[in-house]
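Dear colleague,

Please find below the structure that I am handing over to you.

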Amino acid sequence: MDEIVNIIDIVDLISDYVNLKRIGSNWMGLCPFHNDSKTSSFSVSNEKKLYHCFGCGASGSIFTFVMKIENLNFVDSVKFLASRINYILPEKISTSGQKKNDFKKIFLKINLDAAKFFFKCLKNNCKAIKYLAKRKIKVETIKDFCIGYCDNNKNLYNYLSDLKYNKDLILNSGLVSKKNNLNVFGNRIIFPIFDIYKNIIGFGARSLEKDHNIKYLNSRDSIIFKKSYILYNIDNAIKSHNNSLILVEGYFDVVSIYQSGIKNICAVLGTNLSSVHAKIIKNNFKNVILCFDFDQAGLKAIFKAIKILNNYDISTRVMLLHSVKDPDEYINKFGTRNFKEKINKSIDAIEFLFMFYLKKYDIKDSGNKIKFIREIIKVMSKLNLGDIQREVYVHKISNITDVSVDSINKEIQRDKDNNTDVSKSKKNDFNKLGLKNNETYKAEFDIINLIVKNYNIRDTLKIYLNENDFENILCKKIFKTVYLMHSEHNEINFLKIINSFETLEEQSKVANFLSSDINFLNIEKAALDILKNIKIKKIVKELRQTNDLNRIMTLTRERNFFLKMNVDSMVFGGIDSKNES
């Protein structure tokens, strides 16, 4: 590692992400890890090879910077920096997860061989070739994206067996059925999914059968693939060096737009945009243009994406494509020039929300006017708007509806009061679970709920929490059970959690517990606040009970650590606030 530190200029590295200016012997700029809009509190020292922010306290070396800015673990940050200077790393990098990394390498190799096999199968299948030609996919594009075809038989299992892969590894790759060794993606066009290092981490598959119940399939989640952690074509989009990212829904949307010459294009993988995606986007792009379908599911996805991207302070616009079902159809029907015009004419995300609700409600009617105002206020309440933004939109509502600004502000306050009432009713629900209604137990209940239902929160909180941090017996046991499942299967089974309790009374309480909703607007911030609450209260309690000077000093350091902790200092599982329930 010393060679990498000595070769890489920390100022050059950080300048790729932050606009730095020399002040004295150091370089200063706006901190990329917190909302540092004016103070230029971020300092970089070439001499010390360190950075430090006087605002949020973030500091470290080139490795910690890359880990944080690129959302990488330590090993991947070393690889990232090594590739920057074409430095050849030794065969093994010391890590406690070496065995897990070995499995990752094997499954990545299986995926690579499978992709080669699918590509070869495509060449020999006239039906698949005709289908791609009908979709106007060029031969060069097929090669660029390594698009393939999968037969509906056992030939992939046999092929991988001939390559001397262990039977159990093949069956656990997610590519063949464990029951009969048949190809999982039978009779489908195959889209290999790459990470930013060009590793094939999974596959998307489009059915060629018209009567297929499931048109698209993705690889199941595994140690190398998480749907909510990856965007299709992210590797090429980053290399486009464009400040804006066009976000679409489908594989063919990406492929068609990419082959037209527009490279800054990505797709979500059959799931809604997650906080993980938002972090990836924020680290690589300044703006997002949403280009989703305008059916019911597409509109729902747009609303959710606007909310998530807004929470991460990412400038968002929406493309309006009329008379077509998706971007793939549009670009094939109207061409690249018209598509680029649509990009330029994309509208601000919140302006889009106004437009949508104005179409939904005819505000010439008094009743509809009231519904419009209440609906748009409800939407605004879920967005992270500054005072100026909020005032601008309040005046816009007033101008559109001829309702006074004062009346609209009163309605906003009424909406806040109603949300407060909902919060109070949550405490009553908490009582129904048979748990003590005090702040400590409430915090334990909330953080367990987050751990159970959010993959990325789960990984991160395990670093800071253990079962002894919980006073409530149910919370303690659920915590232990969840992390046992997580370590063995990476999946959480609610039924198994419930059945781990012996009495019907306990099982009933836990069932109610698991069925309760998560109502936090910003899940990561909520997790941080609750974690600090639990840890600091426990530390303070022990401080009051001990007279040991060394222990007091240790506890004081721990308390100060949690007091200073913020969302930016925590790496959330790689990154998703996706509910697994």
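Lys-198 is partly exposed, with a relative accessible area of 33% (buried means under 20%, exposed over 50% and partly exposed in between, with a 1.4 Å probe and protein chains only). Its partner in a salt bridge is Asp-235, the closest N and O atoms being 2.8 Å apart; a salt bridge is here a side-chain nitrogen of Lys or Arg within 4 Å of a carboxyl oxygen of Asp or Glu. Asp-235 belongs to helix H10 (residues 234–239), whereas Lys-198 sits in the loop between strand E7 (188–194) and strand E8 (200–207), so the pair ties together parts that are 37 residues apart in sequence. Helices (H or I, at least four residues) and strands (E, at least two) are DSSP runs, numbered from the N terminus. Asp-235 itself is buried, at 4% relative accessible area.

The model is predicted: local features need pLDDT of at least 70, side-chain atom pairs count only at pLDDT 80 or more, and totals for chains, interfaces and linings use all residues. Residues are numbered from 1 along each chain as its sequence is written, and side-chain values use heavy atoms, with hydrogens and water left out.

Within helix H5 (residues 98–123), Asp-113 and Lys-109 are four residues apart, about one helical turn, and their side chains form a salt bridge of 2.9 Å, N to O. Asp-113 is buried at 7%, while Lys-109 is partly exposed at 41%.

Helix H18 (residues 405–432) holds Asp-406 and Lys-410, also four residues apart, with a salt bridge of 3.5 Å, N to O. Arg-374, Glu-411 and Arg-414 are linked in a salt-bridge network. The count comes to 16 salt bridges.

With kind regards
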